[in-house]
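Me: I have a model open here and would like to talk through its packing. Can you take my questions one at a time?

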Amino acid sequence: MFKLIDKTKFAISNEETRYFLNGLYFNLHNQENTNKLTLVATDGHRLAKFSYAIDKDIEQELGVIIPKKTIFELSKLLSDVDQDIEINLSSNKVVFLFDNLTFISKLIDGTFPDYNRVIPKENNNIVRVNRQKLLAAVDRVSTIANEKSPVIKFKFLKNIINLNTVNNENSTATEDISLEYDGNEFDIGFNSKYIMDIVNNLEDEEISINLKDNSSPILAQENSNSDLVYVLMPMRV
């Protein structure tokens with residue numbers, strides 16, 4: 001449970017006007033004859049989804065939104081717990097039982113958006129890149145990016161990504177990464193912090209980034225775990 005929460009909580013929104021995004025969505029459902037618990041967080045710019053198969057029978061699909069403060073406190077409590085966790089969900093509260101501890105929280109009264117509609121299905125330009133190389137390059141290029149809008153332009157060419165940015169003082173930074181790519185060539189911009197959050201939470205040596213065009217969201221995953229999905233909206237460059 002700790003890993004599911006830890007890999008998704010960073011995408012919870014802080015925007016108070018969209019209060020239904022100020023928490024982590026717990027969705028009990030059946031998918032392809034498998035009962036699953038899916039955790040989803042989004043702030044409208046990025047989405048994190050992590051699914052886990054469970055043995056318990058599900059009488060009906062249930063979705064609840066657990067407040068951000070509860071999630072971060074729960075994450076601290078679970079960091080050293082190595083045992084099964086019992087979760088009791090109702091329409092207005094959630095109860096976690098583990099390690100002789102009972103943790104109770106109210107729920108956010110709202111409707112979480114249909115996350116399946118946000119996850120792109122036709123991103124056929126597939127980039128396979130070394131995770132550490134990408135992380136290091138984004139980190140270096142982002143050092144001169146504008147603080148308020150730290151956008152980096154990614155130029156996808158045959159077997160190369162060029163990363164570059166220009167700040168308000170017209171300082172520039174650019175770096176190339178060699179990789180496996182034979183898709184369409186185009187430019188697309190991303191918030192450097194959001195890219196680093198996603199790449200940091202993936203673990204494989206090589207990760208996949210699936211793209212459609214320069215105005216559509218991307219899909220980032222690791223080959224070893226198809227249940228962990230990240231979606232990121234592009235920025236204008």
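Me: What about F26 and F96, are they buried or exposed?
Reply: Both F26 and F96 are buried, where buried means under 20% relative accessible area, exposed over 50% and partly exposed in between, with a 1.4 Å probe and protein chains only. This is a predicted model, in which local features need pLDDT of at least 70 and side-chain atom pairs count only at pLDDT 80 or more, while totals for chains, interfaces and linings use all residues. Residues are numbered from 1 along each chain as its sequence is written, and side-chain values use heavy atoms, with hydrogens and water left out.

Me: How many aromatic pairs turn up in the whole structure?
Reply: The search finds 10 aromatic pairs; rings of Phe, Tyr and Trp (its six-membered ring) pair if their centres lie within 6.5 Å, and planes under 30 degrees apart count as stacked, over 60 as edge-to-face and the rest as tilted. For F26 and F96 the ring centres are 6.2 Å apart and the planes stand at 75 degrees, so this pair is edge-to-face. F26 sits in strand β1 (residues 23-31) and F96 in strand β6, 70 residues apart, which makes this a link between distant parts of the chain. Helices (H or I, at least four residues) and strands (E, at least two) are DSSP runs, numbered from the N terminus.

Me: And what is the geometry of F96 with F103?
Reply: Their ring centres are 6.5 Å apart with the planes at 50 degrees, so that pair is tilted, and both F96 and F103 are buried. F96 also stands opposite F103 in β7.

Me: Which sheet do β6 and β7 belong to?
Reply: They belong to an open sheet of 3 strands in the order β5-β6-β7, with antiparallel pairing, where two strands pair if DSSP finds at least two bridges between them. Because β5 (86-89) and β7 (101-106) stand at the edges with a single partner strand each, one side of each is left without a neighbour in the sheet. Neighbouring strands here are turned by 15 degrees against each other on average, direction ignored; axes are lines fitted to C-alpha atoms, for helices over the stretch in contact, and angles run from 0 to 180 degrees between N-to-C directions. Strand β6 (residues 93-98) and β7 are joined over 6 bridges.

Me: Which helix packs on that sheet?
Reply: Helix α2 (residues 68-78) does, touching β6 and β7, and its direction makes about 165 degrees with that of β7; contact means heavy atoms within 4.5 Å.

Me: Where is D99, and what about its phi?
Reply: D99 lies in the loop between β6 and β7 and has a positive phi of about 50 degrees although it is not a glycine. As background, most residues other than glycine have a negative phi. D99 is partly exposed, with a relative accessible area of 48%.

Me: Which residues have the most contacts inside the largest nonpolar core?
Reply: In that core of 56 residues they are F26, V127, L134, F154, F156 and L163; a nonpolar core is a set of buried Ala, Val, Leu, Ile, Met, Phe, Trp, Tyr and Cys residues joined through side-chain atoms within 4.5 Å. Another core, of 12 residues, lies apart from it, and V40, L47, I65 and Y115 are among its members.
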